[in-house]
Amino acid sequence: MTERLYRQDSFLTQFSARVLECAPIAGGSAVVLDRTGFYAAAGGQPCDFGRLGGGQVIDVNERQDGVIVHTLGASPDFAIGDTVTGTIDFRRRFDFMQQHSGQHLLSQALVRTIGAETLSVHFGDDASTVDVDSAAISPAQLDALEDEVNRAAQADLAVIVREVPDTEVAAYGLRRPPKVAGMVRIVEFEGYDWSACGGTHVSRSGQVGAIVLVRLEKRRGGTRLTFMCGNRAILHHRALNTQALALGERLSVAALDVLPAFDRWRDEGQALRSRLSEATEQLLDAEASRLRAAGRRIGAENWIVAVLDGREPEEVRALAKRLASDAQTVVLLASAGARTF
């Protein structure tokens, strides 16, 4: 089993290790070390990226025997038995530390505010989600939830990591029972939340930064919440603010007045479209009467043949329908211009 250095220090950015296995695979190489600072994908949290020697680490996974396998995107510049230096992409690591730690706080806040249990978690590159067992969460509950989870983050709680025998786990009041036997790694946000977890976390809850709930949707009898923490929340706010300001300029209102201004613009547009539709119907009726009067009689039938300039296919169809409503009328219409129909 590979020694996992990140379990003692999530802020570790560089380490040295001995190469135990090194084999070519499709698209690169698979490397096993005696110890590693790279987090292997687990529990919904993606793996770390970085460098091993001179090679780029593009994937990290755990084998069934507990060994961590590092996938390099090319052939390595080291061999079995060598000591190699690993460097973690800490920007990515810290991002997921914020998201993962924020999820611990969010799952506890869900229990405290609305009594909802977390069923599953997914950490994405842009946003993360928790699926909960509550079938409905009201806007007021959502606001209370966001207030509570940010209160916990702003309390700057110490994050305490300990490993205890599974026989002692019950004393910690975990939100969910552990999925492992033997020694269990418990992550505590001091006095607030206790969870069995093998992931990477911040050292104090204040490092999570702001936690924003950006979407709520129904999901298989429960609810899925999309959330962002820390730097992601800042970037999300920046993008929304930029759009709100731009829309405000287009609508000649302040950014916070965009929604009522849009509603007015939409209602006015619908009214104009309705009036335009009525006027179009009247024009088509008048044009149908003119073409019918100009038709050529052949026997008992009235033949109407015309080329219309630059008309849309929908208008030509509507006009032909009016003219062909009489069983004694034969109609051939064409629209000429950029689009011929």
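Phe 11 is partly exposed in this predicted model, with a relative accessible area of 30%; buried denotes under 20% relative accessible area, exposed over 50%, and partly exposed the range in between (1.4 Å probe, protein chains only). The model is predicted, and local features require pLDDT of at least 70, side-chain atom pairs count only at pLDDT 80 or more, and totals for chains, interfaces and linings use all residues. Residues are numbered from 1 along each chain as its sequence is written, and side-chain values use heavy atoms, with hydrogens and water left out.

A search of the whole structure returns 6 aromatic pairs, where rings of Phe, Tyr and Trp (its six-membered ring) pair if their centres lie within 6.5 Å, planes under 30 degrees apart being stacked, over 60 edge-to-face and the rest tilted. One of these joins Phe 11 and Phe 90 in a tilted arrangement, 5.9 Å centre to centre with 40° between the planes. Phe 11 lies in the loop between β1 (3-4) and β2 (14-25) and Phe 90 in helix α1 (residues 90-114), so the pair ties together parts 79 residues apart in sequence. Helices (H or I, at least four residues) and strands (E, at least two) are DSSP runs, numbered from the N terminus. Phe 90 is partly exposed, at a relative accessible area of 25%.

The rings of Phe 11 and Phe 94 have centres 6.3 Å apart and planes at 45°, so this pair is also tilted. Phe 94, in helix α1, is 83 residues from Phe 11. Phe 94 is buried, with a relative accessible area of 18%. Phe 11, Phe 90 and Phe 94 form one aromatic cluster.
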